Amino acid sequence: MTDLAYLTMAEAAELLRGRKLSPVEYTRALIARIERHDGKLNAFLRPTPEIALEDARRAEAEIARGDWRGPLHGVPYGLKDIVDYAGLPTTAHSKILEGNVARADAVVAQKLRAAGGVFMGKLSTHEFATGGPCFDLPWPPARNPWNREHFCGGSSSGSGVATAAGFLPAAIGSDTGGSIRNPATMCGVVGMKGTYGLVSRRGVFPLAYSLDHVGPLTRTVRDNALMLDLIAGYDVLDPGSVNAAVGGYTADLERGVRGLRVGVIRHFYTRDMEGDAEMVAAIEAAVKVLGDLGATVREIETAPLGVYAACNRTLLTSEAYAIHEKWLRERPQDYASVTRERFMSGAFVRAADYINATRVRARLTHDFHALFSDIDVAITASAHDPACRIDDAEALDRTYGRQARAPFNVTGSPALAVPVGFSKAGLPLGMQIVGKPYAEALLYRVGHAYERATQWLERHPALA
Amino acid sequence: MKNEITLEAVRGMAIDAGLTHLTDEHLQQLLRATRTAQARQAALPTADLTPADEPAHVFRLDR
């Protein structure tokens, strides 16, 4: 079973297409693994084994008659529980939406269904994609599969845990201030926040309209690119959706990094906010690997991390408060304490302050993207620390803001989180590869080259 | 907003904003949250914005 648990999506696709592996057998194996281990990890808020087996049987019949739909056909996947799947509750991990049944699929769910994927269930999230980890909610928070006493990152917590734990090869998350890349880093998997507007947000419960992104978490860069191929694309009914050419994200994977210009935003994790020594060392070692592979590396400067963070949080809390104002007025007690406090910081932001934050945003975005006239990709930290203990409220509060992910929600730039090693305590470490808008294929190319040159993929958490 | 915002001030602002179901614990959270928001505001470089600096979200009609 362990072999099936850690098949990549690409490997599974080849076996399934060649009829060397049955989608039903594969799905049953993962369902059994989830049943055995997820009680300790809480990756799933709502597993759907019946739906999964139905999808698997359908896929098996289609593949048998030669109707192969593509790399997700017969492959299990999961959705963060802010993503609508028709007929199932979308709870956002909150008492407030406990009975909220989705009437239609989110666009991303439609696409994965059409691709023949096997839907395994709804995955744990921080409440409304912001408040967590919380123990005062109807469902428990997800835990880190590398050490269950530790935080797994969020808000796409279940998505990170499920992929790292071998429950799924692929999951969908969302990212408003880092929520795909945080669990990707904490769980040692790959997470892509693409260019703003690349993936439709329709049918995904919003946190902040102008900062929300939807994207995949997977165990390998290739799998992530395969998933982005499936979910990217213009949606005329999503006001933020961009009508740009998409797809082909695996095309450049094998091109290597020789001659690419890498800019390291070192001040984000040194001068602006000093990162944990092990995290910093791992990122620097990763940068050296890219240099050894033939990239030219130099340090670059952008606005201070604190400016990006202030801009992100002003916009996020204002937009989120507007969405939640009615519930905060009527039933504030039904939020988890952490969520309530985070949303309430948007209560008294003046209109002029919000507008000014968007004006600063425009400048930051212009100035950051101007850097790409002299570089091809940027590298920086994702988290400043390995995952802290999940029961240490002080550490969780302290490390919440210690990250360098929010800048790229502000600028809308694509940013790929990849693993770069493990701490002495055995917790994953990670970095981000960042590009100019629509440079996802280039980020995958760099991430894949790094992945091939290192052995982090070969390690898996011991779940027993 | 001044940094020395008090619990009583926040209580009044909450009532004005329709947040009338907050317990004392919630109000303490709102006070902390408001102070955090003020600190964020102070960290934004708005002093040198000019009228030509337009918002990032500009209303635009598709053709």
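Helix α5(A) is followed by G116(A), whose phi is positive, near 85°. Helices here are DSSP runs of H or I with at least four residues, strands are runs of E with at least two, and both are numbered from the N terminus. The model is predicted, so local features need pLDDT of at least 70 and side-chain atom pairs count only at pLDDT 80 or more, while totals for chains, interfaces and linings use all residues. Residues are numbered from 1 along each chain as its sequence is written, chains are lettered from A and ligands numbered from 1 in the order in which they are written, and side-chain values use heavy atoms, with hydrogens and water left out.

Helix α5 of chain A covers residues 107-114. Its buried residues are V107(A), V108(A), A109(A) and L112(A). Buried means under 20% relative accessible area, exposed means over 50%, and partly exposed lies in between (1.4 Å probe, protein chains only).

A92(A) sits in the loop between β2 and α5 of chain A. Its relative accessibility is 0%, so A92(A) counts as buried. The loop between β3 and α6 of chain A holds A129(A). A129(A) is buried too, at a relative accessible area of 5%.

Cis peptide bonds also occur in this part of chain A. One joins G132(A) and P133(A), with omega at about -5°. P133(A) lies in the loop between β3 (118-123) and α6 (157-164) of chain A. Another cis bond runs from G154(A) to S155(A), with omega near 15°. S155(A) is likewise placed in the loop between β3 and α6 of chain A.

Over all chains, the structure holds 0 disulfides (pairs of cysteine sulfur atoms within 2.5 Å). C134(A) is in no disulfide, and the nearest cysteine sulfur, that of C152(A), is 12 Å away. C134(A) is buried, with a relative accessible area of 4%. C311(A) is buried as well, with a relative accessible area of 0%.

L253(A) belongs to the loop between α8 and β7 (261-264) of chain A. L253(A) is buried, at 2% relative accessible area. In sequence, L253(A) and L442(A) are 189 residues apart. In space, their C-alpha atoms are 8.1 Å apart. Neighbours within four places in sequence aside, L253(A) is in contact (heavy atoms within 4.5 Å) with V221(A), R222(A), Y444(A), R445(A) and H448(A).

Chain A as a whole contains 15 helices and 11 strands. Its radius of gyration is 20 Å, close to the 23 Å that the globule rule gives for 464 residues, so chain A is as compact as a globular protein of that length. The radius is taken over C-alpha atoms, and the rule is 2.2 Å times the number of residues to the power 0.38. Along the principal axes, the C-alpha atoms of chain A fill a box of roughly 60 × 60 × 45 Å. Of its 464 residues, 66% count as buried. Among contacts of chain A with a separation of 6 or more, 79% are between residues 24 or more positions apart.

The accessible surface of chain A comes to about 15800 Å² (Shrake-Rupley method, 1.4 Å probe; for residues, only the protein chains shown count as cover). Carbon and sulfur atoms account for 51% of that surface. Chain A carries 52 positive and 52 negative charges, and their mean positions are 2 Å apart. Lys and Arg count as positive and Asp and Glu as negative, with His and the chain ends not counted. Each charge is placed at NZ of Lys, CZ of Arg, CG of Asp or CD of Glu.

Chain B has 2 helices and 0 strands. Its radius of gyration is 17 Å, whereas a compact globule of 63 residues would have one near 11 Å. The C-alpha trace of chain B spans about 50 × 30 × 15 Å along its principal axes. Buried residues make up 32% of the 63 residues in chain B. Chain B exposes about 4300 Å², and carbon and sulfur atoms supply 54% of that area. Its side chains include 7 positive and 9 negative ones, and the centres of the two sets lie 3 Å apart.
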